[in-house]
Amino acid sequence: MSETYVLLQYGSDAFNARFQDLEGRAAFTVMQASHNPNLIVKLSREAVWSQHHPGTMGPDAAYFYFGPSRPSYTSVYGAGTPTPTAGFIVYGNNRNSIPMGHLRRQNREGSQSRYFTAQSGRDYKWKITPQRMELADGRTTLAVWELSSPTDPFDARLTIRHAGLAFITEIMTTLTINRMSESLGWT
């Protein structure tokens, strides 16, 4: 990848993680914002990191508003454990909400790939495997997320091409919702 940016993920929990660049600057944080009555998770883009990357555009936060919890038999939390249902996402202080399912559409039955339409109107595809996710806009790979090896001090590595900075918060949002859906056993 030409002119790429690397973010190291610390924390294996999709609902609670932080991303830093190779210089140790905080780039993104994923954390629980509320759980009463339903789970709300906030993804924040850190200003210090954005200031070092002038091509960074888009909202500086995304909020994941989950639906009510129901017993699930496929969740990593254990059979029958109350698990949040899909809800919607709001970018920054925007009034428009986007259903979570719309940000991880499946175009073919049985396919592991998930698609989303960015706020720009362009369509993107996450190719998902157990150890890796690749984001592409047709033929061009824009981002790659990979689990780290057991000897690394971080949990995963995200490599982003320069073109991805224009919608970096959307990349992080859809990466996060795909990771969350995997941990919750959503289909």
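**Strand pairing and a buried arginine in a predicted model**

Ser44 stands opposite Ala61 in β5. The model is predicted: local features need pLDDT of at least 70, side-chain atom pairs count only at pLDDT 80 or more, and totals for chains, interfaces and linings use all residues. Residues are numbered from 1 along each chain as its sequence is written, and side-chain values use heavy atoms, without hydrogens or water.

Strand β5 spans residues 61–65 and pairs with β4 (residues 40–45) in the antiparallel sense, over five bridges. Pairing requires at least two DSSP bridges between the strands. Strands (E, at least two residues) and helices (H or I, at least four) are DSSP runs, numbered from the N terminus. β5 also pairs with β8 (residues 88–91), again antiparallel, over four bridges. Here Tyr65 stands opposite Phe88 in β8.

An unreviewed UniProt entry annotates residues 96–176 as "domain: DUF6593". UniProt positions follow the numbering used here, feature names are shortened, and annotations may be inferred rather than shown by experiment. Over residues 96–176 the chain is 11% helix and 37% strand. The end C-alpha atoms of this segment are 19 Å apart.

Arg179 lies in helix α2 (residues 168–184). Arg179 is buried, with under 20% relative accessible area (1.4 Å probe, protein chains only). Arg179 has no salt bridge, defined as a side-chain nitrogen of Lys or Arg within 4 Å of a carboxyl oxygen of Asp or Glu. The nearest side chain of opposite charge, Asp13, is 6.5 Å away. A polar atom of the Arg179 side chain lies 2.8 Å from the backbone oxygen of Ser12.

Terms used: Buried < 20%, exposed > 50% of the residue type's maximum accessible area, 1.4 Å probe, protein only. Lys, Arg positive; Asp, Glu negative; His and termini not counted. Polar contact = N/O pair within 3.5 Å; in protein donor to acceptor, adjacent residues only side chain to side chain.
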